[in-house]
Amino acid sequence: MDAAHPTRAWRTAFVVLCTVGACLSADLIRLHVNVHTDPHYRSYCAMSERANCETVAASDWAVFADLPVAVWGLLAYLAMGVLAALGLARRLPAAVWPFGALWWLSAVAFAYGLPLLFLSHFVLGSVRLVCAG
C-alpha cells in the first residue's frame, strides 16, 4: 500500500479518536454551561486548586468568537471524524481520500491546543483534566 494513503486500521483509529474527542468536547460544553448558569454547580473534575475544570471554564479564555472553546473542539472532531469515516467507507476514491485535509485539520487543532495548555497551566494556574483527555 502506498504511504500516501493511510491504511484501514489508521482510518478506524482516527474515527475512534475523533469519537472520543467529540464526547469529551460535549462534556466540556455541558460543564461550561453549568459553570456559567448555576452558581452552586460543582464539577466532578474540580479536584483541587491545580486540577479544576471550573476555574478554566469560568475564565475569559474559555470563549472564542462568542462560543465556548469546547464548541469549536466538537466541530473540529466531528469534521475530522466525518472525513475519516468517508475514507473508511470508501465513499471517496482512494486517490481523493482527504488525507491532506485531515492532516491540516489535525495540525491546526494541535497548534491551537498548545497555547491553550500554556494558558491553562501558567496563566490560570489550573488544568482541565477533561481537556487534557
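Here is a short chat about the structure above, a predicted model.

Q: What kind of model is this, and how are residues numbered?
A: It's a predicted model, where local features need pLDDT of at least 70, side-chain atom pairs count only at pLDDT 80 or more, and totals for chains, interfaces and linings use all residues. Residues are numbered from 1 along each chain as its sequence is written, and side-chain values use heavy atoms, with hydrogens and water left out.

Q: What's the average pLDDT?
A: The protein averages 80, and 82% of the residues score at least 70. pLDDT is the predictor's confidence in each residue, from 0 to 100.

Q: Where is confidence lowest, and where is it highest?
A: Lowest is helix H5 (residues 129–132), with a mean of 66, and highest is strand S2 (residues 67–68), at 92.

Q: How much of the protein is buried?
A: Of its 133 residues, 29% count as buried. Buried means under 20% relative accessible area, exposed means over 50%, and partly exposed is in between (1.4 Å probe, protein chains only).

Q: Which residues make up the largest nonpolar core?
A: Seven of them: Leu28, Leu31, Tyr41, Cys45, Cys53, Ala57 and Ala70. H1 and helix H2 (53–57) are the elements giving two or more residues to this core. A nonpolar core is a set of buried Ala, Val, Leu, Ile, Met, Phe, Trp, Tyr and Cys residues joined through side-chain atoms within 4.5 Å.

Q: Which residues are in the second core?
A: That separate core has five residues, including Cys18, Met80, Ala84 and Leu102.

Q: Back to Ala70, what does that residue contact?
A: Ser25, Leu28 and Ile29, leaving aside neighbours within four places in sequence. Contact means heavy atoms within 4.5 Å.

Q: And Ser25, is that buried or exposed?
A: Ser25 counts as buried because its relative accessibility is 5%. Ser25 sits in helix H1 (residues 8–37), and beyond its neighbours within four places in sequence it contacts Ala70, Gly73, Leu74 and Tyr77.

Q: What about His32, buried or exposed?
A: His32 is buried, at a relative accessible area of 9%. This histidine is in helix H1 too, and His32 touches Ala57, Ala62, Val63 and Pro68, not counting residues up to four places away in sequence.

Q: Changing topic: how many salt bridges does the structure hold?
A: One. Asp27 pairs with Arg30, and their closest N and O atoms are 2.6 Å apart. A salt bridge means a side-chain nitrogen of Lys or Arg within 4 Å of a carboxyl oxygen of Asp or Glu.

Q: Where do Asp27 and Arg30 lie?
A: Both are in helix H1, three residues apart, which is about one turn of the helix. Asp27 is buried at 18% relative accessible area, whereas Arg30 counts as partly exposed at 34%.

Q: What's going on with phi at Ala65 and Asp66?
A: Ala65 has a phi near 55 degrees, and Asp66 has one near 65 degrees. Those are positive values in residues other than glycine. Most residues other than glycine have a negative phi. Ala65 is exposed at 53% relative accessibility, and Asp66 is exposed at 74%.

Q: Last one: where is Ser126, and what does it touch?
A: Ser126 is in the loop between helix H4 (99–123) and H5, and counts as buried because its relative accessibility is 1%. Not counting residues up to four places away in sequence, its contacts include Glu49, Arg50, Ala51 and Asn52.

Q: How far apart are the C-alpha atoms of Ser126 and Arg50?
A: They're separated by 4.3 Å, although the two residues are 76 apart along the chain.

Methods:
Helices (H or I, at least four residues) and strands (E, at least two) are DSSP runs, numbered from the N terminus.
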